[in-house]
Amino acid sequence: MAAGNRYRYGSWRGGPDPLAPPYDVRAAVDQVGAEVLNGGSLREALRDLLRRGPQGRGGLDDLTARARRLRREAMRRGNLDGAVTRSQALLDQALAAERDELARRDDDDARFAQAQLDNLPRSTARAVEELAGYRWTSDEAAALYRQILDGLRDDVLEQRFAGIREALRDPDPAAQRRLAEMLGDLNALLDRHARGEDTTDAFAEFMRRHGDFFPEKPGSVDELVDALARRAAAGERLMRSLSPQQREELSRLMDQAFGDGPLAGQLRDLTANLRTLRPDLAWDRAERVRGREDLGYGGAAGALEEIGELDDLLDQLGQEHPGATLDDIDVEAVQRSLGREAADDVRRLRELERELRRQGWVTRDGDGLTLSPKALRRLGGTALRRVFNDLSGRRRGQHDLRDAGAAGEVTGASRPWAYGDEQPLDVVRTVSNALRRGAAVPVRLEVDDFEVVETERRASAAVALCVDLSFSMISEGRWGPMKQTALALSHLVATRFPQDVLQIIGFGRHALPLSREQLAAVEPDMVQGTNLQHALKLAGRHLRRHPGAEPVVLVVTDGEPTAHIEDGEAVFMWPPTLETVQATVVEVDELTRFGATLNLFMLGEDPGLRRFVDAVARRSGGRVFTPDTEDLGRYVVSDYLRARRGRRAR
């Protein structure tokens, strides 16, 4: 390097940073998972990932806000009737120049011409029409008059064809014939394309002969049609956006500008062809564009073309239509309207979505993106780590404990009590041990005297986790902890205790079994009702399908039962009726007779729920926990682990 060379460094401005790492798709999945575990909707979380962008940058919301701002600016660009206003101004100037010239003459022809001018219609278009055969005495006036129609014709053609300006300025008749030839060839090409013919070679030949009229360099007939149709639709919308009087004025002026020659017919045919090929464009929609400046035909149509393209872009960015994907977004339209950096943001989001799908983190169904089983396993692992962090870092407490008694079938044998045992005491053998030791009456028991009832060892457990899906769970901020708890327990069973079988059962006015995927995506039930009876019935069916496993039922709820199934239909009543309570107790008794442990986790301080769960615990020999909402996961998981430790100890 020469000693005199000097370099300056700054931020990269040529598009996406070439040194920036690709999106961390696992971080994106964790971002979605965090929202779900905090109670958010799975669908909304995935949608927000793309709307806000990973780490909150470069998402669809930013692009949408920019497009809306540009649309507001375009709507304030000026008045659309500027073509009529400009024609009126040119006509006024022409008439003033002509009157000045006539005033210098004092003959009958001058007086007759003056009378003609004085009796012109007030309508600009009609006045221009009546002056078509007028013999101007002022050269300046004649030039101004010709400018009215020639300028309007040129404005219309320039608006339709971006590369036509040079041809319009060329006075050589050959240039005008070449323009007419291009329009004829274009309509022939579009006719063939509309009939479904293969136009690949015809398009190549058309561009070879007339490509200089199209500086945007379309690569196919469809790209050519897209460009022309946007402009033609803008011209049609301009007419619809004017008042009826303004529309009539401009229409008559345009008819005069193009006359009855072949050019007018070719433009009409072109518009008809483009309407046929792109009927989805807003050809007939009116806009209320206002501003201080009077826009000429080209400026007004250009503003409406920009507004139309931004409207289409906003629809694409909104992703509201069924089956919407990022591939629906026209990246070239984004670049035209919002710039290269915005187009790069869309490309990066597309790449993120493709990577999420390619690596198996998300799948697409009829409702859009959803997490795959692989992602749900990661989500469950995250939930379980949160729970275990709570278990290791926080003290236990804040609960009532009632020993459930037998967790398996009684064998008739007993064994010495050991620390941590939860089996019932064998009272006869305990007292007998004290008497054999020589204890006097009244008998004083020592630790070594205690024996517990032996129960049958069970190697696996059938666990039914019943979770309340009623609206109060989300309104009181309990939805996220409930989901986290269920996903954590599901992941624990699947990874640590695969011999156990877990069924998650959600209940609102009805109950239904939930897979892990369904649990992650489940939304609050806005219909009132807490149908614990139905949930316990489904739990009983699950337990009976696994008769050799330890039956355990865990219930998470924040409200007393207010619904039950009767004749196949859910019956809801508030306050709870005796019929609902009795139907629920019937299911409790069925589970108890089956030997199931029934543990209830009560959220909130509802006195009615407290009375109910206490009565159920006494009746079934189960336990009641009253954790704070943030402690729910560690209570449920630790209770499940305690039950497993108890089985190993027998």
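I began with helix α14: 16 of its 22 residues are buried, so the helix is largely enclosed by the rest of the structure. I count a residue as buried under 20% relative accessible area, exposed over 50% and partly exposed in between, with a 1.4 Å probe and protein chains only. The model is predicted: local features need pLDDT of at least 70, side-chain atom pairs count only at pLDDT 80 or more, and totals for chains, interfaces and linings use all residues. Residues are numbered from 1 along each chain as its sequence is written, and side-chain values use heavy atoms, with hydrogens and water left out.

I then looked up the span of α14. The helix covers residues 297-318 and reaches 31 Å from its first C-alpha to its last, close to the 32 Å expected at 1.5 Å a residue; the expected span is 1.5 Å times one less than the number of residues. Helices (H or I, at least four residues) and strands (E, at least two) are DSSP runs, numbered from the N terminus. After α14 comes Q319, with a positive phi near 55°.

Next I went to the sheet. I found six strands in an open sheet with mixed pairing, ordered β7-β6-β5-β8-β11-β12. Strands β7 (511-514) and β12 (623-625) are the edges, each pairing on one side only. Two strands pair if DSSP finds at least two bridges between them. I noted seven bridges between β5 (residues 461-468) and β6 (residues 501-507), which run parallel. L465 has I504 as its bridge partner in β6.

I followed helix α24 (residues 607-620) across β8 (550-557), β11 (597-602) and β12; it runs at about 165° to β11. Axes are lines fitted to C-alpha atoms, for helices over the stretch in contact (heavy atoms within 4.5 Å), and angles run from 0 to 180 degrees between N-to-C directions.

For the cores, I used sets of buried Ala, Val, Leu, Ile, Met, Phe, Trp, Tyr and Cys residues joined through side-chain atoms within 4.5 Å. The largest nonpolar core has 74 residues, and F161 and L250 have the most contacts inside it. Helix α11 (residues 221-241) gives the most to this core, with ten residues. A second, separate core of 70 residues includes L49, L310, V493 and V556.

Last, I checked S123, in the loop between α5 (108-118) and α6 (124-130). S123 is buried, with a relative accessible area of 17%.
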